[in-house]
Amino acid sequence: NTKYDYLVVGAGLFGAVFAHEAALRGKRVKVIEKRNHIAGNIYTKTVDGIQVHQYGAHIFHTSDKAIWDYVNQFAEFNRFTNSPMANYNGQLYNLPFNMNTFNELWGVQTPAEAKAKIQSQIEAAHLNGQPKNLEEQAISLIGTDIYQKLIKGYTEKQWGQAATALPAFIIRRLPVRYTFDNNYFNDTYQGIPIGGYTQIVEKLLDHVEIDVETGVDFFADRDAYLANYPKVIFTGMIDQYFNYQLGELAYRSLRFETETVNTGNYQGNAVVNYTDAETPYTRIIEHKHFEFGNGDPEKSVITREYPADWHRGDEPYYPVNNQQNNALYKQYAALAKAEGQVIFGGRLGQYRYYDMHQVIHAALVTVQAELGDLPQ
Ligand code: FAD
C-alpha cells in the first residue's frame, strides 16, 4: 500500500514507540498485530476493578531520567516498590537477599554476622576452580542455605533443567544487600502506571498518521506486505521471519492461571515466589497490590505462573541466551542486515531479554538512526 511509509509488525512497546515517533516525524504508519489486542506483553485489562497484568507481573524501573520522563508522558506512575516474598515449603522469606532474609534464615542481626555466615558456608562447600555449573556458581556467591532454599527449586522450575546441568553464566551476580531493604531493584525510578499499561500503548498509537489492525498475522500475507510497504519494522520472532532456515532459536514459555478469589487480600503482597521444587508454579501474583490494594474489598484476582517448554506455536516469552542460541542469533542478524527493507526490533526481533525501559531505549535509538531528530 503506497500511502504508508512504514509497516510495523507487532503492537508491543517497541512497535508502538517506533510508530509514535515516526508519526511525529510526519510518516504514515500501519501497525498490524496478531493478537486481538494491542500492547504486547505489557497488556493489562480491568477485572473486578483491578488492573490485571495479563502476561505476568510488570514493574517499570529505570535509572535513565530521559526514559522515565518519556514514559511519564503517557501515564501517571505510582510509587510502587517491588518487594517480593519467597515461600519455601510454607516458610516465608524476604527478597531480594538482604538483612531481613538473613535474620529470618539464621537469626543474625548485623551485617558482619551475615557475611561471616555466608563465608563459612561457601568455604564448607569446598568448591575448586571455576564454577562448572549454576549450582556451583550460586553456592560460590551466596553459600548453601540460600542456594538450597531460595534459588535451586525456583531456577530448576524456571529452566526445566537440573541446576547442575545449567551453565554458570545464568547467575553472574546475585542481588545481595547487607541492609534491611526489601526493594528488589536498584534503579532510581520505579512504579506502576495508574490505570494500567495498555493506556500507554493506546496513547502512543493514537495519532492521525497511524492505523492499527489487530488479529492479523504478518505471515498470513507476507509477500503482499513486503511488496506493498517500502519499509517494515518487524518485532516478531527473527527465526520465524527467515522461515527457521538456519534452525530454531530456543525460548521458554509460560502458562498463566488467573482466577478471582472471594477475599479482599489473598497473600498480602503483589508477588510471592514459590522456591521449593514441589510447588509446580514459580509465583503467584496478586494484582491489586500493584495499586496498594485498590479494587473490590471482597475480591481479588490472582495469577499462578507455570514455566513451560516452548514448541512452535506457543508464546515465546523468554529467549534462552546461551552460547549456542546467541551464535545462531548472530547468523540470523547477518541475514537481517542484508534484508534492507526490514528492521528487526524488540525482544523477539533482536532475541534479547529486554525490560520495558530497555525496549523503549532501543526503539528510540532505531528511530534516531532511521529518521533523526524531531523536526523543530
Ligand atoms: P512484545 O511485547 O512481545 O510485542 C511484540 C508483539 O508482536 C506482540 O504483541 C506479538 O503478538 C506481535 N507479533 C509477533 N509476531 C507477529 C506476527 N507475525 N504478526 C503480527 N504480530 C506479531 N519488563 C520490565 O521492565 N519489568 C518487568 O517487571 C517485566 N516483567 C516481565 C514478566 C514477564 C513474564 C515477561 C514475559 C516479560 C517481562 N518484562 C518486564 C519485559 C517486557 O514484557 C518487555 O520488555 C516488552 O514487553 C517488550 O516489548 P516488545 O515490543 O519487544 O515485545
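## Exposure and Asn 243

Asn 243 has 9 C-beta neighbours inside 10 Å, so Asn 243 counts as exposed. The structure discussed here is a predicted model.

Asn 243 sits in the loop that links helix H9 (238-241) with strand S11 (251-261). Its phi angle is near 55 degrees, which is a positive value in a residue other than glycine.

## A buried loop residue

Ala 39 also has a positive phi, near 90 degrees, and is likewise a residue other than glycine. Ala 39 belongs to the loop between strand S2 (29-33) and strand S3 (44-47). Is Ala 39 buried or exposed? Ala 39 is buried, because 26 other C-beta atoms lie within 10 Å.

## A cis peptide bond

The peptide bond that runs from Leu 95 to Pro 96 is cis, and its omega is near -10 degrees. Pro 96 is part of the loop between strand S7 (91-94) and helix H3 (99-106).

## Pairing around strand S14

Strand S14 (residues 300-309) pairs with S11 in the antiparallel sense, over 10 bridges. Within this pairing, Leu 254 has Pro 307 of S14 as its bridge partner.

S14 is also joined to strand S13 (residues 283-286), by four bridges, and these two strands run antiparallel. Here Glu 286 stands opposite Ile 302 in S14. In a regular strand, side chains alternate between the two faces of the sheet.

Conventions. Residues numbered from 1 in each chain as written. Predicted model: local features only at pLDDT ≥ 70, side-chain atom pairs only at ≥ 80, totals over all residues. Buried ≥ 20, exposed ≤ 12 C-beta atoms within 10 Å, placed from the backbone. Pairing = 2+ DSSP bridges.
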